[in-house]
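Before I say anything, please take a moment with the sequence and the model on the screen.

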Amino acid sequence: MNVEFDRHGAVAQAVAFAAYAQDGRVREGTALPCIVHSMETAAIAATMTNDPDVLCAAVLHDVAEDCGVTEAELRSRFGRRVAQMVLYMSEPPRSDPRGSWQRCKLRTVNRLRVAGREQMILALADRLSSLRAVDRARREQGPMVWRRLGQANPSMHRWYYASVAEALKPIAHFEAYREYVALIDQVFEDVRLPAPPEPDQFETGGISHAVYQDAGHRQ
């Protein structure tokens, strides 16, 4: 590694820490170790930035949400900026199981619409890595893949990935974004978008029906 690029070995430390925190964990619906997704996310992010803090956050982006690593520990090991980016990437707990998948994804899309460039890069890297995995899994598992991803309706997955693409348009100049959009078309070629949620399903100040409809521009 270029010493000037990563003077204190922070990215290497982040890789070691993530591997330890995620030891024995596999990606939902697969046998793939979680650290593989973390490393791929960082590799994608590295095509868009050489900021070591962003690359550390890319490697670590699941350790708070999935492994229980605290903000205090992230701050002490990697600094305030990395900790804030990791927490930004962490989805809140789903306390209400009924309909919680959609509410959780709506919150994610709402936040991305007003996110900064660094957060958008992290989100794109994470979602592209996940969508690549979905594409591989659907070829191997067929329709069963959706049940293993927490939402059995593939239309809802298309809505989510398309909504993320809409929110991330400010970084559409990156090759990773173009790959992401092309993969949406490929994975969901025969899947229609669901009907828009009822107004009371949107959170205050959240995504509007217009934005929802925009996300379906490839319907």
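Predicted model: local features only at pLDDT ≥ 70, side-chain atom pairs only at ≥ 80, totals over all residues.

Residues are numbered from 1 along each chain as its sequence is written, and side-chain values use heavy atoms, with hydrogens and water left out.

The chain has twelve helices and zero strands, where helices (H or I, at least four residues) and strands (E, at least two) are DSSP runs numbered from the N terminus. Of its 219 residues, 48% count as buried, and here buried means under 20% relative accessible area, exposed means over 50%, and partly exposed lies in between, with a 1.4 Å probe and protein chains only. The accessible surface of the chain comes to about 11,000 Å², of which 50% belongs to carbon and sulfur atoms; these areas come from the Shrake-Rupley method with a 1.4 Å probe, and for residues only the protein chains shown count as cover. If we take contacts (heavy atoms within 4.5 Å) between residues at least 6 apart in sequence, 69% of them join residues at least 24 apart.

Let me turn to the interior. A nonpolar core is a set of buried Ala, Val, Leu, Ile, Met, Phe, Trp, Tyr and Cys residues joined through side-chain atoms within 4.5 Å. The largest one has 64 residues, of which Leu60, Val63, Leu74, Leu131, Leu168 and Tyr180 touch the most other members. Helix H8, residues 117-141, gives the most to this core, with ten residues. As for Leu74, not counting residues up to four places away in sequence, its contacts are Leu60, Val63, Ala64, Val69, Gly79, Ala83 and Val86.

A polar atom of the Gln22 side chain lies 3.5 Å from the backbone nitrogen of Ile35. Leaving aside residues up to four places away in sequence, Gln22 touches Cys34, Ile35, Ser38, Asp62 and Cys67.

Last, the charged pairs. A salt bridge is a side-chain nitrogen of Lys or Arg within 4 Å of a carboxyl oxygen of Asp or Glu, and by this rule the count comes to twelve. One of them joins Arg81 and Glu118 at 2.3 Å, N to O. Arg81 lies in helix H6 (residues 80-88) and Glu118 in helix H8, so this pair ties together parts that are 37 residues apart in sequence. Arg81 is partly exposed at 28% relative accessibility, and Glu118 is partly exposed at 27%. Both residues also belong to a network of salt bridges that links Asp51, Asp53, Arg81 and Glu118.

Another salt bridge, between Glu179 and Arg132, has an N to O distance of 2.8 Å. With Glu179 in helix H11 (residues 175-187) and Arg132 in helix H8, the pair ties together parts that are 47 residues apart in sequence. The side chains of Arg127 and Asp126 also meet in a salt bridge, at 3.1 Å, N to O; Arg127 counts as buried at 14% relative accessibility, and Asp126 counts as buried at 9%.

Note on methods: Polar contact = N/O pair within 3.5 Å; in protein donor to acceptor, adjacent residues only side chain to side chain.
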